[in-house]
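Dear colleague,

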Amino acid sequence: MAHYHQFDALVVGAGGAGLMAALYASKSVKTAVISKLYPTRSHTGAAQGGISAALGNVEKDKWEWHAYDTIKGGDFLCDQDSVDILCKDAIDAVIDLEHMGLPFDRTPEGKISQRRFGGHTNNETKQAVQRACHAADRTGHMILQTLYQNCIKNKVQFFDEFQMVDIIIENNKCNGIVALELSTGEIHVFHSKATMLATGGFGKMWKITSNAHSLTGDAPAIMLRRNLPLEDMEFYQFHPTGVYRMGILLSEAARGEGAVFLNDKGERFMERYMPTLKDLAPRDICSRCIYQEVQAGRGINGKDYVYLDFRPEHINKWFAADGNPKRVDAHYLETRLPDIIEFARVYLGVDPITEPVPIQPTAHYAMGGIPTNNDAQVLADERGSLVEGLYAAGEVACVSVHGANRLGTNSLVDLVVFGKRGGIAMADYAKGASLRPINKDAVYKDAEGDLAAIRNSAGTERPAAIRKELQTMMDEKVGVYRTGQGLREALSVIKGLQARFRNLKIDDRGVKWNTDLTEAWELGCLLDLAEVTAAAALWREESRGGHYREDFPNRDDSKFLQHSFAWMSNDIQIKTKPVRITRHQPVERKY
Amino acid sequence: MKLHLKIKRFNPEKDKKPWWGEYDIEVEPGDRVLDALHEVKWNIDGTLALRRSCAHGVCGSDAMRINGRNRLACKCLVKDEIKNGQITIEPILGMRVIKDMIVDMEPFFAHYRSIMPFLVNDTPLPANGRERLQSPVDRERFDDSTKCILCACCTTSCPSFWARGEYIGPAAIVQAHRFIFDSRDQAAQERLEILSDVDGVWRCRTAFNCTDACPRDIKVTKTIGEVKEALRTGVIQ
Ligand SMILES: Cc1cc2nc3c(=O)[nH]c(=O)nc-3n(C[C@H](O)[C@H](O)[C@H](O)COP(=O)(O)OP(=O)(O)OC[C@H]3O[C@@H](n4cnc5c(N)ncnc54)[C@H](O)[C@@H]3O)c2cc1C
Ligand code: SF4
Ligand code: SF4
Ligand code: FES
């Protein structure tokens, strides 16, 4: 029989978004956090470069500039009222984190130190501005640690290594979730007034990715099965600087500190494509430029990668050429970028201080996800109806503040700004609501039945083989460049893999810590998300931000200045929702 | 290249005692040991149990004994670990094994929680609504201990911890250090009191195992030494 718990507010996911929500909800209502990983192992801890806020600690800056950069970076698909909240509240959010104890790097005057990042500019001079607040190149680690520390201080209750396998939704009202306790294999029913989904990204659809093994999109996949929509799934960001072949991220902070891209001829090719911002152009653009270099035969040794060069004497040469008075040395880089320098040394055997580093674009960030309003409440459709009692924040959610392409450092802002808003909204709601009745036995049996079907599956297909085929295909057909033909092929491959998924070979029939079972269940989630991603990409016959269609190379505002909402019934069904535009009419994106 | 992996297996649900699983696999020299373990799990025996997430040494999930030394499986490469064609893998020591590489981490996190791992500062916030100031030098003072990812490589390599599981262990001391030496914090004395307990810092015999084990290159033994010094002299600097 199932274990049963009751809470006012329940948060699923213990990354930056979930912990921020829990911290604020727990100030006034009974709150618990459920996470399939120990909180400190959430992928927020992998975030490197920084969190932006127009503090103006080092040079003049305004939150309005931050907002415009975000909207332009997002290729005008962002909802502009939401972006205003993001960028205005970013300032207080960063100060709040400092007060909680976050050890930011400091300026000589003792203020929070800030550095340059892609697409963040002084709107008057158009030059890169120092806006990213940082703690070396482990800013995300510090955010995650600090938020977890404060949850401990505030005595938030945690259910660590509990994996959500279902969401209890009836008549567009959410009443909690069902989770598997990994260490015992037992099912727990969590009954709640308000529930937040903060399960992070789903980059494991692709092979070359910066995402953790655990980022399998469990929550959005369950939403699809519950006949709820996902927004803007065709927009997935490929970060230009992944470690060659492995996809491990080398933060844009490297370019913020002066690193540049080089092709096989030793040419700083970004000067040619984006004469003003050059190597600090937004990620979607840099990733495409890398592919164009490779296509033109200028990849290193003719292969599919280029170099990221951050040898100090080279950086100084480029600074001089750009008229930037700043100079760096090895010691400076080792203190500003210690972790990514180490990644290159450990995983590639390359020392960035003396050699250029082989890099290639890596699947990185989901702009789309579970649609929400500005208070993190989940939307049931494109018209704005709500799923009562259900919230989402962080990478899993789509507010949408990132539009068609997220700017670096804006995810961490999103986590803390909308995590906090969601936490407060949940508490307010829970105070005025009572628990709706649920049928405990039925939800328990549903979940147990789904898991038992996988556990006892006696087929012939290894989940790992299906996953590998999915990932390889997604890299090829649903990557930086897409075509109608390729996307149709992708959909048919996915259908085939879904059929094979019903014939699984599972070795582990045990109960405790059965990761053979959980990995297979997660693969089911990835397959469904891949289908929605490919279908939405096929539907969007234009190129915008992170979504590039070779057969439709231009942005088409007359038809597609719209968010997509995708449902999974027998086939994928897509509807549209207009973009909210306030101050900034779409213009061509140049840097 | 060929690799012979020798993995200590134990599933209390069905095994009476631990046993060695031996697997011959094909790997690339630059593969992580974690990739090799996945090769076994994904293509030979799906019952193999281990924790992992980030796969690049930043989340702290996959601490294990690799050729007798505590390492993160995702942060060492096959070519660096392989000896005579073989790598030996065991769970970290001193913790209850739940299944294969998965051990009970609860006592470890309980030690962590016991040292008040959060900033304490009850003075009013700056009136201008901005950050508390901290000089770069004051910030640098505790930089090393902020890198800790709570992987437990250090604590489970410590002979004092093996001898007595109640010993708070190096990881918790590193975490305490992170706050004791933060100029913004005001609870150093309380933490020092906690650490002067019989199962606190004085159990450390300065054996340096922990420093060697730390995948984040934290100077763990030095950190502990600074905490001991603060206790001895009553001065935090
Ligand atoms: C290498 C890297 C570097 C980055 N650098 C930056 C940067 O410098 N600046 C920036 O702004 N952004 C950066 N990003 C992006 C940013 O880090 C992420 O988008 C963000 O951290 C996501 O946070 P989150 O709280 O939404 O989810 P996560 O931190 O991923 O947490 C997800 C949580 O959900 C839990 N979970 C998932 N599924 C389940 C389930 N079924 N049941 C229970 N729990 C579940 C997990 O256990 C985890 O606790 C980076 C990303 C990567 C990969
Ligand atoms: S130095 Fe101290 S804590 Fe570290 S291993 Fe030795 S006894 Fe243990
Ligand atoms: S001090 Fe090092 S070895 Fe110990 S828990 Fe922290 S990161 Fe791991
Ligand atoms: S898997 Fe994250 S540290 Fe190894």
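**Surroundings of ligand 3**

The residues around ligand 3 are B:Cys148, B:Ile149, B:Leu150, B:Cys151, B:Ala152, B:Cys153, B:Cys154, B:Ala171, B:Cys214, B:Pro215, B:Arg216 and B:Ile218. By class, this shell holds eleven nonpolar residues, no polar ones and one charged residue. Please note that the model is a predicted one.

**Ligand 2 and chain B**

Ligand 2 is surrounded by 14 residues, of which B:Cys158, B:Cys204, B:Arg205, B:Ala207 and B:Cys210 are the closest. Two or more residues of this shell come from each of helix H5 (159-163), helix H8 (209-213) and helix H9 (220-233) of chain B. The shell around ligand 2 divides into nine nonpolar, four polar and one charged.

As for the chain itself, chain B comprises nine helices and seven strands. Its C-alpha atoms fill a box of roughly 60 × 40 × 30 Å along the principal axes. Of the 237 residues in chain B, 60% are buried.

**Ligand 1**

The shell around ligand 1 counts 39 residues, and those that come nearest are A:Ser42, A:Thr44, A:Asp218, A:Glu395 and A:Ser411. The side chain of A:Ser42 has an N or O atom 2.7 Å from an oxygen atom of ligand 1. For A:Asp218, an N or O atom of the side chain lies 2.7 Å from a nitrogen atom of the ligand.

Helix H1 (16-25), strand E2 (31-35), strand E7 (162-170), strand E14 (357-366) and helix H12 (410-432) of chain A are the elements that give two or more residues to the shell. The most come from H12(A), which gives four residues. The shell around ligand 1 consists of 15 nonpolar, 20 polar and four charged residues.

**Backbone features and a buried threonine**

- A:Val399 and A:Ser400 are joined by a cis peptide bond, with omega about 10°. A:Ser400 belongs to the loop between strand E18 (397-398) and H12 of chain A.
- A:Lys155, a residue other than glycine, has a positive phi near 55°. A:Lys155 is found in the loop between helix H4 (139-153) and strand E6 (157-160) of chain A. Because its relative accessible area is 73%, A:Lys155 counts as exposed.
- B:Asn84 is not a glycine either, yet its phi is positive, at about 50°. B:Asn84 sits in the loop between helix H2 (78-81) and strand E5 (86-90) of chain B. B:Asn84 is likewise exposed, because its relative accessible area is 84%.

Finally, is A:Thr209 buried or exposed? A:Thr209 counts as buried, because its relative accessibility is 6%, below the 20% cut-off for a buried residue. A:Thr209 lies in the loop between strand E9 (186-197) and helix H5 (218-225) of chain A. A polar atom of the A:Thr209 side chain lies 2.9 Å from the backbone nitrogen of A:Asn211.

Yours sincerely

Methods. Residues numbered from 1 in each chain as written. Chains lettered and ligands numbered in written order. Predicted model: local features only at pLDDT ≥ 70, side-chain atom pairs only at ≥ 80, totals over all residues. Heavy atoms only, no water. Near = heavy atom within 4 Å. Polar contact = N/O pair within 3.5 Å; in protein donor to acceptor, adjacent residues only side chain to side chain. Nonpolar A, V, L, I, M, F, W, Y, C, P; charged D, E, K, R; others polar. Buried < 20%, exposed > 50% of the residue type's maximum accessible area, 1.4 Å probe, protein only.
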